[in-house]
Amino acid sequence: MVDCMEFLAGKELFELEELIEIFGEKRYRAKQIYEWIYVHNVDDFSSMSNISKSFREKLKGEFSLYSIKLENINKSRDGSKKFLFKLWDGNFIESVYIPEREWSTICISSQVGCAMGCKFCATGKMGFVRNLSAGEIVEQLIHVIKSENLKKKRVNVVYMGMGEPLLNFDNVIKSYNLITDPDGMSISRRRVTISTCGILDGLEKIRALEKIPKLAISLNATKDEIRNELMPINKKYSFKDVLNFCDKLPLKKGERITIEYVMLKDKNDSMEDAKRLSKLLKPFRTKINLIPYNPIDDVYDSSPMDRIFKFQEFLKKRGFTVTIRDSKGKDISGACGMLALKSI
Ligand code: SF4
């Protein structure tokens with residue numbers, strides 16, 4: 001079986017330079033290959049027109065460009081699409097493309113399955129299989145951008161697919177650096193968000209980074225009792241500690257942390273919850289994203305839309321920026337919390 005190291009996508013420039021030296025080629029060749037992969041997203045070595053045929057043949061003999069293979073695209077009535085990818089070891093992952101008027105959003109996965117077991121999430125029910133490499137993360141984006149013929153400058157990227165990104169920290173940050181490298185994929189850092197269920201260790205490491213990514217915290221409750229039930233991670237990292245920690249992140253002017261809140265009928269959607277949420281978030285620089293729940297079983301139900309609007313109104317009146325996510329892709333199980341490889 002091939003090894004992950006044999007794929008070029010996912011390598012940083014310095015790694016390509018090291019490889020190139022082994023071949024006895026000039027270092028600038030690495031930059032050319034880097035650009036063919038991340039700027040031009042070529043399909044194969046033969047398209048690398050400024051590299052000699054003999055060197056291309058050598059590369060082809062030793063490496064593959066990409067490691068994931070597009071298996072299927074499921075199209076929703078609302079225009080969103082769910083991409084199913086087969087990995088080099090036979091595992092599968094999903095990504096979601098959500099077209100909007102001016103922008104598109106691509107939701108990418110960071111793990112095969114997830115160990116966090118959030119009760120409202122289909123991926124959580126799969127359990128954890130393995131972390132994705134940086135290449136496997138970046139390639140999802142390359143495939144979707146190519147398949148949909150998108151302009152990179154018009155793309156938002158969210159690490160909100162399968163998996164908890166901060167539990168695959170090194171590969172996620174490596175992929176983030178590749179995605180946002182101005183000499184490579186060149187997607188603006190303002191357009192890339194990493195979402196976490198609140199892994200404090202990971203947030204500590206984020207704080208130590210030179211470039212701090214935009215963050216979203218999946219909160220979903222205002223009391224420990226409810227959050228312990230919905231998100232078992234709360235027993236290890238209480239949401240109050242997570243929020244307090246986020247306050248220590250050096251945000252730039254105008255930057256805010258997104259608080260995600262899945263609206264579950266009679267579980268976390270009362271006006272008492274709205275009041276508690278308002279009090280809880282008052283000290284922090286946040287914006288709130290209310291997510292209408294997409295039922296995956298009969299344990300929880302979605303809040304009625306009029307209740308979600310009331311919840312939003314209450315928080316808006318208290319000065320918060322509150323959006324309601326336009327949950328797309330329900331009919332293809334591609335909406336938020338629904339990724340569980342149903343199309344295999
Ligand atoms: S919501 Fe995120 S962290 Fe929770 S189980 Fe699903 S994928 Fe994992």
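# Notebook: strands, domains and ligand shell

I began with β10 (257–263), which is mostly covered, since 5 of its 7 residues are buried. I count a residue as buried if 20 or more other C-beta atoms lie within 10 Å of its own, as exposed if 12 or fewer do, and as partly exposed in between, with C-beta atoms placed from the backbone. Helices (H or I, at least four residues) and strands (E, at least two) are DSSP runs, numbered from the N terminus.

Before going on I noted what I was looking at: this is a predicted model, in which local features need pLDDT of at least 70, side-chain atom pairs count only at pLDDT 80 or more, and totals for chains, interfaces and linings use all residues. Residues are numbered from 1 along each chain as its sequence is written.

**Entry: neighbours of β10**

I looked up the partners of β10. Strand β9 (residues 214–218) pairs with β10 in the parallel sense over 3 bridges; two strands pair if DSSP finds at least two bridges between them. Ser218 has Glu260 in β10 as its bridge partner.

I then went to strand β11 (residues 286–292), which pairs with β10 in the parallel sense over 7 bridges. I noted two of the bridges: Ile257 has Thr286 in β11 as its partner, and Met263 has Pro292 in β11. Strand β11 is also mostly covered, with 5 of its 7 residues buried.

Strand β2 (residues 81–86) pairs with strand β3 (residues 92–99) in the antiparallel sense over 6 bridges. Leu84 stands opposite Glu94 in β3.

**Entry: domains**

I read the domain assignment, which gives domain 1 (4–62) and domain 2 (69–332); such bounds come from an automatic or database domain assignment. The C-alpha centres of the two domains lie 33 Å apart. Their contact takes 9 residues from domain 1 and 13 residues from domain 2, a contact being two residues whose C-beta atoms, placed from the backbone, lie within 7 Å.

I sorted the side of domain 1 that touches domain 2 by class and got 6 nonpolar, 2 polar and 1 charged. Here Ala, Val, Leu, Ile, Met, Phe, Trp, Tyr, Cys and Pro count as nonpolar, Asp, Glu, Lys and Arg as charged, and the others, Gly among them, as polar.

**Entry: helix α2**

I listed the buried residues of α2 (28–38): Arg29, Ala30, Ile33, Tyr34, Trp36, Ile37 and Tyr38. What covers them includes α1 (13–22) and α6 (169–180).

**Entry: ligand shell**

Which residues are closest to the ligand? I found 13 residues around the ligand, the closest being Cys114, Met116, Cys118, Cys121 and Gly124. A residue is near a molecule or strand if its C-beta atom, placed from the backbone, lies within 6 Å of it. By class the shell has 6 nonpolar, 6 polar and 1 charged residues.

**Entry: loops and positive phi**

Most residues other than glycine have a negative phi. I noted two residues with a positive one.

Asn41 is not a glycine, yet has a positive phi of about 50°. Asn41 sits in the loop between α2 and α3 (53–62) and is partly exposed, with 19 other C-beta atoms within 10 Å.

Asp266, also not a glycine, has a positive phi of about 60°. I placed Asp266 in the loop between β10 and α10 (271–281), where Asp266 counts as exposed because it has 10 C-beta neighbours inside 10 Å.

**Entry: two further residues**

Is His40 buried or exposed? His40 is exposed, with 11 other C-beta atoms within 10 Å, and lies in the loop between α2 and α3. From His40 to Ile187 I have 147 residues in sequence and 13 Å in space, C-alpha to C-alpha.

Glu313 lies in helix α11 (residues 305–317). Glu313 is exposed, with 12 other C-beta atoms within 10 Å. Glu313 and Lys253 are 60 residues apart in sequence and 26 Å apart in space, C-alpha to C-alpha.
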